Amino acid sequence: MTGSDASRIDTSRPHPARVYDWWLGGKDNYPVDEALARRILEVDGTVLRGARANRRFMTRAVRTAAEAGIRQFLDIGTGIPTEPNLHQVAQSVAPEAKVVYADNDPIVLRHAQALLHGSAEGTTDYVEADVRDVEALLARARESLDFTQPIALSLVALTHYLDDDVYALVERYVDTLPPGSFLILSQVTPDLSPAAIEKAAQQFRNSGTPFFPRSLAEFSRFFDGLELLGPGVIPVYGWRPEPEDVAAQAEGIVPVYAGVARKV
């Protein structure tokens with residue numbers, strides 16, 4: 001890491017990407033991140049299952065998009081690289097696929113630059129930008145992606161960190177995508193485990209991280225005007241499950257909704 005990168009990493013406050021890294025068993029987090037991750041785990045025993053389930057959903061959704069002919073992917077809220085990474089999934093189906101990752105944490109940038117190397121036929125690039133800065137993020141993404149051709153926009157496990165302005169925010173991104181593009185989303189919900197999720201949300205908020213679990217109706221609103229792929233909006237384990245997902249359901253619920261839609 002360069003000196004400038006190190007100076008920009010705030011180790012006094014937890015960051016969602018680094019908390020998530022701890023839940024996935026990673027080492028690229030700080031004591032403040034681990035402390036929050038452990039506090040949330042104490043009040044919500046589903047979070048480790050949820051982190052793994054989100055990762056597997058991303059894999060299934062990206063593979064679905066690639067098999068449908070999508071060759072460009074924009075992943076916002078990338079997080080610290082954890083295999084399988086999105087570009088590995090997309091380029092395993094289509095080696096020529098182009099992938100742009102975007103996140104706002106310098107530690108993610110450091111690891112992305114070191115680890116996110118794509119196929120020889122495709123491209124894998126990284127943008128350091130905040131999801132709320134739509135114009136800046138898209139300007140950087142356009143350096144690698146052709147916005148006249150379909151793109152899969154992945155916002156996995158991101159929207160629950162954004163307030164109700166997130167609907168307009170997601171709409172702005174979707175509006176820039178051409179027909180045939182995909183929207184891939186997952187989101188924590190209070191529907192399936194309300195008491196535990198409220199306690200977890202409060203832990204996030206007490207640590208300075210906004211957190212907004214959403215109901216089925218609230219989550220479904222993200223897909224207004226788009227064509228949902230089957231099986232629609234559903235708990236994350238149930239979205240086109242593979243044997244590992246079916247087996248994981250026996251461990252207990254995961255209070256996360258997931259969905260994929262196509263822009264027509």
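Reply: A residue is called buried when its relative accessible area is under 20%, exposed when that area is over 50%, and partly exposed in between. Please keep in mind that this is a predicted model.

Me: Where does Asp-130 fall, then, buried or exposed or in between?

Reply: Asp-130 has a relative accessible area of 23%, so it counts as partly exposed. Its side chain meets that of Arg-132 in a salt bridge, at 3.0 Å from N to O.

Me: How many salt bridges are there in the whole structure?

Reply: A search of the whole structure gives 14. One of them joins Arg-18 to Asp-33, with the closest N and O atoms 2.7 Å apart. Because Arg-18 sits in helix α2 (residues 16-23) and Asp-33 in helix α3 (residues 31-43), this pair ties together parts that are 15 residues apart in sequence.

Me: And are those two buried or exposed?

Reply: Arg-18 counts as buried at 1% relative accessibility, and Asp-33 is buried too, with a relative accessible area of 0%.

Me: What about Asp-164, which residue does its side chain meet?

Reply: The side chain of Asp-164 forms a salt bridge with that of Arg-214, at 3.6 Å from N to O. The pair links distant parts of the chain, 50 residues apart, since Asp-164 is in the loop between β4 and α8 (166-176) while Arg-214 is in the loop between α9 (194-206) and α10 (216-220). Asp-164 counts as exposed at 57% relative accessibility, whereas Arg-214 is buried at 2%.

Me: Switching to Arg-55, what is around it?

Reply: Arg-55 lies in helix α4 (residues 47-67) and, leaving aside neighbours within four places in sequence, is in contact with Tyr-20, Thr-82, Pro-84 and Asn-85. Arg-55 is buried yet has no salt bridge, and the nearest side chain of opposite charge, that of Asp-75, is 6.6 Å away.

Me: Last topic: how do α4 and α5 cross?

Reply: Their axes come within 9 Å and cross at roughly 35°, and the crossing is right-handed. On the α4 side the contact involves Met-58, Thr-59, Val-62, Arg-63, Ala-66 and Glu-67, which meet Leu-86, Val-89, Ala-90 and Val-93 of α5. These contact residues divide into seven nonpolar, one polar and two charged.

Me: What else covers the buried residues of α5?

Reply: Besides α4, the cover includes β1 (72-76), β2 (98-103), β3 (123-128) and β4 (152-156).

Terms used:
Residues are numbered from 1 along each chain as its sequence is written. This is a predicted model: local features need pLDDT of at least 70, side-chain atom pairs count only at pLDDT 80 or more; totals for chains, interfaces and linings use all residues. Side-chain values use heavy atoms; hydrogens and water are left out. Helices (H or I, at least four residues) and strands (E, at least two) are DSSP runs, numbered from the N terminus. Buried means under 20% relative accessible area, exposed over 50%, partly exposed in between (1.4 Å probe, protein chains only). Lys and Arg count as positive and Asp and Glu as negative; His and the chain ends are not counted. A salt bridge is a side-chain nitrogen of Lys or Arg within 4 Å of a carboxyl oxygen of Asp or Glu. Contact means heavy atoms within 4.5 Å. Axes are lines fitted to C-alpha atoms, for helices over the stretch in contact, and angles run from 0 to 180 degrees between N-to-C directions. A crossing is left-handed if the near helix is turned anticlockwise from the far one by less than a right angle, and right-handed if clockwise. Ala, Val, Leu, Ile, Met, Phe, Trp, Tyr, Cys and Pro count as nonpolar, Asp, Glu, Lys and Arg as charged, and the others, Gly among them, as polar.
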